[in-house]
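Welcome, and thanks for taking a look. Here is a short briefing to read alongside the structure.

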Amino acid sequence: MKKVRGFWFFLILSVFVYGIVQFLISAGMLDIYYSNTLIFIGINIILAVSLHLVIGITGQFSIGHAGFLAVGAYISAIITMKLQLPLSLALVAGGIVAALAGLIVGIPTLRLKGDYLAIATLGFAEIIRIIFLNIDYVGGAAGMQVTHLTTWTYTFVCLFITITVITNFTNSRHGRACVSIRENEIAADAMGINTTYYKVIAFTLGSFFAGIAGGLYAHNFYIIQPSNFGFLKSFDILIFVVLGGLGSLSGSVISAIFLTIVSTFLQNYPETRMIIYSLVLVIVMLYRPQGLMGTREITDFFGKWKGSKGGNSDAAKSFTESS
Amino acid sequence: MQQSPLLKVHNVGINFGGLKAVSDFNMEIHQGELIGLIGPNGAGKTTCFNLLTGVYIPTEGDILLEGIRLNGLAPYQVTQRGISRTFQNIRLFNELSVLDNVKVAYHSLAKHSILSSIFRLPTHFSGEKEMEEKSIEFLKIFQLDTFLYEKAKNLPYGMQRRLEIARALAAGPKLLLLDEPAAGMNPQETQELMELIAFIREKFNLTILLIEHDMKLVMGICERIYVLDHGQLIAKGSPNEIRNHPKVIEAYLGEEVVESHVEG
């Protein structure tokens, strides 16, 4: 029952982090700039973790994640702004519609592999963006006005649910099936795993959380425009996952935090911002080509949570030394 | 031998474009038999395996497992109906632990749903626990339980082969297909492999079909042998019959040698 203890540890830590930040915000010690940055970090973590499920766990190289972000953003904005319903409902609806979009996109594209899949998902994301660009109901190219509704509480609750669900999924027979597809699709098939089914499931689940992130994203700004969801946004999310280490959830979280902070601080130097940001990426990739965490999880270092991605590292070490 | 065969392959063939890779392939395997499939390089042996396991769909003929037609089923469905296999070049889940490799094969035997895993319902815990216990028990049989949490890629070659066989067996097959299990093994390891195959056959009441180039192994343990050449079945019979079959000698050694080398 080690895993259960790990969960309680995670829960207490989350409540603790949430409590401190919420206290600082309500006591007025964190100004709007910092609390917005924290919310933005939270949204980016949700995006990174949801794409981690598709790329890191299932090994399907999708670069159209911004499309599902857009679906979630627009659907939730329609629900709060046009239908005057509460944000919590909007977030769930955004997630569900994004998941449906993921299902519709996933069923045909996930038959493709590697580069072809990447191009197809990129194409679908652009299609989604252009659909929104041409719907006058949501403002077309001019965008849509959205009230600022996203709070730290909303963001943190969504973040907590995302990480818990994706961790639970990964550490089960279903997650193991997804990892086996990443490791060797032919062998997974030969072991009785319905590979298409699991690829579509992972893709849909990833899209669902991208949709929720979209809802938070839309209500964190005052306006959403189709140009916010171009393929550069997809690449931003992809970079979180790759930089963190393919197959490592904690790696995606750490790199999402790290890169969001870097790019936020660099906003003070607009001329050199993109140069420094790119340099950071190049340097990390030169010195850690496997990503910040490789395939390991942060919990491996504490000996808790033997993840489904391959045992604990201590046993591996003692074995290589003895042989 | 009077009962109906476990596997019946009837006039199966496959074309890749204009190329007939395998044609008119017939085979009958009865419960409990150990059958060898041999042939020179490029004869179509692995293609036959791929036809049997659903990787390729035959362009003609029928494949029947216990009387049920397998043509057109996806590989995972074929596995669920009771045929599992190993690969010529080892295909383990390298980054997964030895234990998890076997757990993947147990996948279809556990029944807890995705939702029960996400919400961590009791069925998830009981299902996972059962999988874990069964997998460990299984690895004990194969003497791999000392490396439970080792990544599969870190195992020595012989053990990787053994793990692959263990994983194929964990999927609960009635018929096990081994594609060159002794490839790359030294004589000592081959000997151990022969003992292992005899052991699992006994223990799991298994029917085995194997492709092999090591004639010592094939002649040593197989009860009947099928010989393929250029996608055609050229001979079948007991090891002794095969050893002296002129067509087999011709396929392996060439025509001219036949005259001087027909030996008993």
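Let's begin with Thr80(A), which sits in helix 3 (residues 65-82) of chain A; helices here are DSSP runs of H or I with at least four residues, numbered from the N terminus. This is a predicted model, in which local features need pLDDT of at least 70, side-chain atom pairs count only at pLDDT 80 or more, and totals for chains, interfaces and linings use all residues. Residues are numbered from 1 along each chain as its sequence is written, while chains are lettered from A and ligands numbered from 1 in the order in which they are written.

**Around Thr80(A)**
- Thr80(A) is buried because 22 other C-beta atoms lie within 10 Å (the cut-off for buried is 20 or more, with exposed at 12 or fewer and partly exposed in between; C-beta atoms are placed from the backbone).
- Beyond its neighbours within four places in sequence, Thr80(A) is in contact with Leu85(A), Leu87(A), Ala90(A), Leu149(A) and His219(A), contact being C-beta atoms within 7 Å.
- From Thr80(A) to Glu185(A) it is 105 residues in sequence and 42 Å in space, C-alpha to C-alpha.

**The nonpolar core**
- The largest nonpolar core has 158 residues, a core being a set of buried Ala, Val, Leu, Ile, Met, Phe, Trp, Tyr and Cys residues joined through C-beta atoms within 7 Å.
- Among those with the most contacts inside this core are Ala213(A) and Ala166(B).
- Setting aside neighbours within four places in sequence, the contacts of Ala213(A) include Ile43(A), Ile46(A) and Leu69(A).

**Where the chains meet**
- On chain A, 34 residues are in contact with 34 residues of chain B.
- Helix 7 of chain A gives the largest share of the side touching chain B, 7 residues.

Note on methods:
Contact = placed C-beta atoms within 7 Å. Helix = DSSP H or I, 4+ residues; strand = E, 2+ residues; numbered from the N terminus.
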